[in-house]
Amino acid sequence: MKVAFVGKGGSGKTTLASLFTSSLADAGLPVLAIDADINQHLAVALGASQEQADALPPLGDNLPLIKEYLRGDNPRIASADAMIKTTPPGRGSRLMTPREHNPITDACFRDIAGVRLAVTGRFAEDDLGVACYHSKTGAAELLLNHLVDGPGEYVVVDMTAGADAFASGLFTRFDVTFLVCEPTVRSVGVYRQYTEYARDFGVRLAVVGNKVTDEEDVDFLREAVGADLLGWVGTSKHVRAAERGQARPIGELEPHNLGTLRTMLSTVDATERDWERYQAQAVEFHLRNARSWAGQELADQVDPDFVPGPLAAVD
């Protein structure tokens, strides 16, 4: 399943993403993680040193390789240069699985505490003032369009803060989106903005409270988000130790907080993907780009009869 973590800046979404990802790895489950935040902190949250995090190869720097590999021998795509971030797979495209090794995983993914992790990359000095951050996340979106995950396989993406994901079709690439929400008016405001934008796209949204200290905080979240509140994470010595660079085994997380992670996993496992809708949404946003600026050549990349899925990956 593909899982996203979103929320207001500073709400703790990277912390929750790292805890959830670590719990999957600790259980021996195959998991890919992608740091798609403009501030790249997921590697360190998973237990990497800052030097290890800084040495991770950005997906964006390997975009030509990613395009060439995923294009395969799809006859609708004349060259790798013709692909854009929303290009959907078709017959002849290469589809990836979370467990496999290929030129993309070899170039872009590294093992961090039992997790296969890739990063979109930070802004470079040359990007400032001239580049949109979606030039970085585009590689992740293209990858997710071609990534076929089956039962018991997980892809976790730490997204950029706020509702910025709605500037592209990236927000439709997930089976469950966990919105991390502090018990504050500003954090609830991001939740309301997200739900408004996501309403027409069938996004499965679940709220996880963070930095909850007492019942008043819980009551505030329940009143603000209602049935969307899945659970909450309270004050944690485990998290504080990690923030000081003292990584501890995930099993030492407080019992209530571990229970919230189990509830999150149960929610993910109970969600079924509609592959036809998944492909249709990819096509929809690709065609929006075609209508907006790229024209018929881009629209012709769509294979109208193709639907990805586990069997397609085997074939």
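## Overall architecture

Among the contacts in the protein with a separation of 6 or more, 73% are made by residues 24 or more positions apart. The model described here is predicted. Its secondary structure consists of 13 helices and eight strands.

The radius of gyration is 19 Å, which agrees with the value near 20 Å that a compact globule of 315 residues would have. Along its principal axes, the C-alpha trace spans about 60 × 45 × 40 Å.

## Burial, surface and charge

Of the 315 residues in the protein, 57% are buried. The protein exposes about 14,000 Å², and carbon and sulfur atoms supply 49% of this area.

The protein carries 30 positive and 44 negative charges.

## Parallel strand pairing

Strand β1 (residues 2-7) is in turn joined to β6 by five bridges, and the two run parallel. Here V6 has L179 of β6 as its bridge partner. Five bridges also join β6 to strand β7 (residues 205-212), likewise in parallel, with V180 opposite V208 of β7. Finally, β7 and β8 form a parallel pair over four bridges, in which L229 of β8 is the bridge partner of V207.

## Covered strands

Which residues of β5 point each way from the strand? Y154, V156 and D158 point one way, V155, V157 and M159 point the other way, and all are buried. Strand β5 (residues 154-159) is thus described as mostly covered, with six of its six residues buried.

Strand β6 (residues 176-181) is also mostly covered, and six of its six residues are buried. In a regular strand, side chains alternate between the two faces of the sheet. On one side of β6 lie V176, F178 and V180, and on the other lie T177, L179 and C181; both faces are covered. Strand β8 (residues 229-234) is mostly covered as well, with five of its six residues buried.

## Residue T177

T177 is located in strand β6. Is T177 buried or exposed? T177 counts as buried because its relative accessibility is 0%, and the cut-off for burial is under 20%.

Leaving aside residues up to four places away in sequence, T177 touches A4, V6, Y194, V203, R204, L205 and A206. L221 is 44 residues from T177 in sequence, and the two are 17 Å apart in space, C-alpha to C-alpha.

## Helix α4 and the residue after it

Helix α4 comprises residues 63-71. Its buried residues include I66, K67, Y69, L70 and R71. The helix is followed by G72, which has a positive phi, near 55°.

Methods:
Residues numbered from 1 in each chain as written. Predicted model: local features only at pLDDT ≥ 70, side-chain atom pairs only at ≥ 80, totals over all residues. Heavy atoms only, no water. Rg over C-alpha atoms; globule rule 2.2 N^0.38 Å. Buried < 20%, exposed > 50% of the residue type's maximum accessible area, 1.4 Å probe, protein only. Contact = heavy atoms within 4.5 Å. Areas by Shrake-Rupley, 256 points an atom, 1.4 Å probe, with all protein chains shown as cover. Lys, Arg positive; Asp, Glu negative; His and termini not counted. Charge placed at Lys NZ, Arg CZ, Asp CG, Glu CD. Pairing = 2+ DSSP bridges.
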